[in-house]
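Subject: Structure for you to look over

Dear colleague,

Here is the structure I promised to pass on, with my notes on it below. Please read them with the model open beside you.

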Amino acid sequence: SPQQYNVTSYGAMAVAIISLEAFPGMWINAFIVCVLCIGWVKKKTLNSNEKILLLLGCSRFWYLCISWVYKFLSFIYPNYLYVPTILQLAVFFQSFFNHCNLWFSACLCDFYCIKIADFRNRFFIYLKVKIDRMVPWLLLGSVLSALAIGIIAYDIAGKPHCNNRNSTGQGHFGTASIRMDKHFFFSFFLAGFGYAASFMAVIFSAVFLLFSLWRHKCKMQTKSMKNLSMEAHIRAMKSILSFLVMYSINFVCLVLEMVYVTKKASHMTFLIVVFQYTFPGLHSLILVFSNPKLEKTLLKILP
């Protein structure tokens, strides 16, 4: 029928747009993971920065992969998501890797801040000395918090409200329709708290680091030091500022997604999904070009 044709053509267009964002993102994150793993095998060790980048690349690759499969099934074969176990597993892994991505990004920003920023505060100096020992514990804490949120999401996806036959389809952009009630308030609050905590960690780290770099740049100007050193600091400031802007927009999209998941606001939901698929790949690309080793390897393999 004409209506069925519109739904099918619309679903194909949505999958095509999401695929154009997801597959390049998966490729760039797979590239980061492969380069770091090859270096790990050669050197038999990874520094703290590489550990965070490795886990961040893995989490983003699997987040994009599972999210793409979920959206593909939602738009093209929604009947597969009527099976409770499939829906629950998809929601669990999507939620788990999404929160891993957020927390690993925050850990990376905190690590750069502590390593690069120059403050004379005793506590800050203590952190600078101990940060390499703290990184594995920060990463473990990030995984455990993401796992807890993923388990809660798995449980909620099994509720009858999330698994009715009208919950997936074109009207909701492939997202299960959730009616806000007491069962979901706790999960929404917990997810919002996770988003806000990681966002605040990024905000404080980025602001402190920008302030430190700006102060250092001013000192170099007064001492008339080389332009190359000045340009390096300006590039670092631009990179941090771009990440801060991207992370801020991503945070707003995550909050809006929580709001619109309970409403039939399909166009806004689609715009939110489009940006969420852009962030993991685009930020990873910025990380590649800000890392000399990764940038050199990428330029070698590109035609």
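In what follows, angles under 35 degrees count as roughly parallel, over 145 as roughly antiparallel, 65 to 115 as roughly perpendicular and the rest as oblique. This is a predicted model, in which local features need pLDDT of at least 70 and side-chain atom pairs count only at pLDDT 80 or more, whereas totals for chains, interfaces and linings use all residues. Residues are numbered from 1 along each chain as its sequence is written, and side-chain values use heavy atoms, with hydrogens and water left out.

On confidence, the chain averages a pLDDT (the predictor's confidence in each residue, from 0 to 100) of 77, and 77% of the residues score at least 70. Where pLDDT is low, the predicted coordinates should not be read in detail.

How do α2 and α3 lie relative to each other, roughly parallel or roughly antiparallel? Their axes (lines fitted to C-alpha atoms over the stretch in contact, with angles from 0 to 180 degrees between N-to-C directions) come within 8 Å and cross at roughly 150°, and the two helices are therefore roughly antiparallel. By class, the contact of α2 with α3 has 18 nonpolar residues (Ala, Val, Leu, Ile, Met, Phe, Trp, Tyr, Cys and Pro), one charged (Asp, Glu, Lys and Arg) and eight polar (the others, Gly among them).

Gln-94, found in helix α3 (residues 84-116), is buried (under 20% relative accessible area, with exposed over 50% and partly exposed in between, for a 1.4 Å probe and protein chains only), its own value being 17%. Not counting residues up to four places away in sequence, Gln-94 touches Tyr-63, Ile-66, Ser-67 and Tyr-70.

Helix α2 also packs with helix α4 (residues 122-157), at an angle of about 15° and with the axes 9 Å apart, so this pair is roughly parallel. Here Ser-48, Lys-51, Ile-52 and Leu-55 in α2 meet Asp-132, Val-135, Pro-136 and Leu-139 in α4.

Terms used
Helix = DSSP H or I, 4+ residues; strand = E, 2+ residues; numbered from the N terminus. Contact = heavy atoms within 4.5 Å.
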